[in-house]
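Please walk through this chain with me.

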Amino acid sequence: MDRKNSDEKEIRQLRNRFHELAEKSFKQGIFTFTGFLGLSEQDVFWQEAGSLSYAGYELAGGCEAADRVVARFGNPEELGYEMPFPIVCVHIQPLARKFADALSHRDFLGALMNLGIERSTIGDIKVGESQAYLFCLESIAGFVCENLSQVKHTQVKCSLTAGPEDIPREEPQSVDIQVQSFRADAVLARVYNLSREKSLELFRAGKVYVDGRLCENNSRQLKSGETVNARGFGKFVLTGEPRETRKGKLAARVAVYK
């Protein structure tokens, strides 16, 4: 089977899984959950969202502005009870910080994948100063804590965080930009200091998402509050309404996440 047919099969299976979970929630009166969804999987979800709304749904990743999220089916008001998302946070830190390697997101993800766990059980990994905060499904947290003992050449220990107050907030960089228009390609180019051609290449390659949806229309007008993910660069959020400058350009502030 070639790559295209394989991808199409995976998309069909994912769509079917969404509908199975929504139907189960609606008929049995219970909450159902997906695993963590990456950006391409979230795009499939939003394509199906209209036909899933009868069951009710909500997406969350365990932290603010999460890239990877879990979908929960079920309407708390109709079901008459609430159920939290099965997401916990594991703190991964070196046994001896003085001798720890400078560890990247790729290093932590590679070490986790080497444990043989499924990617869908792992959400965002917030990295800083040779340590990381891993958002994962509750069902896999104990296994990670017991088995993850080394990242690259660094010996590590893992522990569950007690609550949100123990997780450092990711503070984005506030950046002021000026553009001729709020076209997606123009804003993307300005935020990441790219040429127009390089910005267009990201759209052609299917690497740009707006609020979890694949954005193939590079001339799409962005709105305040929308989150733009550009694979390989990061993400940013338009945090204020644009204002016109004396020279006729549009100025706005964006929050840039590394």
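The chain carries 35 positive and 35 negative side chains, and the centres of the two sets lie 7 Å apart. Lys and Arg count as positive, Asp and Glu as negative, while His and the chain ends are not counted. Each charge is placed at NZ of Lys, CZ of Arg, CG of Asp or CD of Glu.

This is a predicted model, in which local features need pLDDT of at least 70, side-chain atom pairs count only at pLDDT 80 or more, and totals for chains, interfaces and linings use all residues. Residues are numbered from 1 along each chain as its sequence is written, and side-chain values use heavy atoms, with hydrogens and water left out.

Now the overall form. The chain has seven helices and 15 strands. These are DSSP runs numbered from the N terminus: helices are H or I with at least four residues, strands E with at least two. The radius of gyration is 20 Å, close to the 18 Å that the globule rule gives for 258 residues, so the chain is as compact as a globular protein of that length. That radius is taken over C-alpha atoms, and the rule is 2.2 Å times the number of residues to the power 0.38. The C-alpha trace spans about 60 × 55 × 45 Å along its principal axes.

The accessible surface comes to about 14500 Å², and carbon and sulfur atoms hold 46% of it. Areas come from the Shrake-Rupley method with a 1.4 Å probe; for residues, only the protein chains shown count as cover. Of the 258 residues, 42% are buried. Buried means under 20% relative accessible area, exposed over 50%, and partly exposed in between. Contact means heavy atoms within 4.5 Å. Among contacts between residues at least 6 apart in sequence, 60% join residues at least 24 apart.

Turn to the interior. A nonpolar core is a set of buried Ala, Val, Leu, Ile, Met, Phe, Trp, Tyr and Cys residues joined through side-chain atoms within 4.5 Å. The largest one has 23 residues, and V187, L188, V191, Y192 and F236 have the most contacts inside it. Elements that each supply at least two of its residues include β9 (173–179), α7 (196–204) and β15 (250–257). The largest share, five residues, comes from α6. Beyond its neighbours within four places in sequence, V191 is in contact with I177, F236, V254 and V256. Apart from this core lies another, of 20 residues, with A111, I122, A132 and I140 among them.

What does helix α4 bury? In α4 (residues 105–113), the buried residues are D107, F108, L109, A111 and L112. They pack against β4 (87–94), β5 (122–128), β6 (131–137), α5 (138–147) and β7 (150–151).

V144 sits in helix α5. It is buried, with a relative accessible area of 1%. Leaving out residues up to four places away, V144 touches V90, L112, I117, L134 and C158.

T161 lies in the loop between β8 (154–160) and β9. Is T161 buried or exposed? It is buried, at a relative accessible area of 19%. With residues up to four places away not counted, T161 touches C89, H91, Y133, D166 and I167.

Last, the backbone. Most residues other than glycine have a negative phi. A65, in the loop between β2 (57–60) and β3 (69–73), has a positive phi near 55°. D211, in the loop between β10 and β11 (213–214), has a positive phi of about 50°. A65 is partly exposed at 27% relative accessible area, and D211 is partly exposed at 32%.

Notes: Buried < 20%, exposed > 50% of the residue type's maximum accessible area, 1.4 Å probe, protein only.
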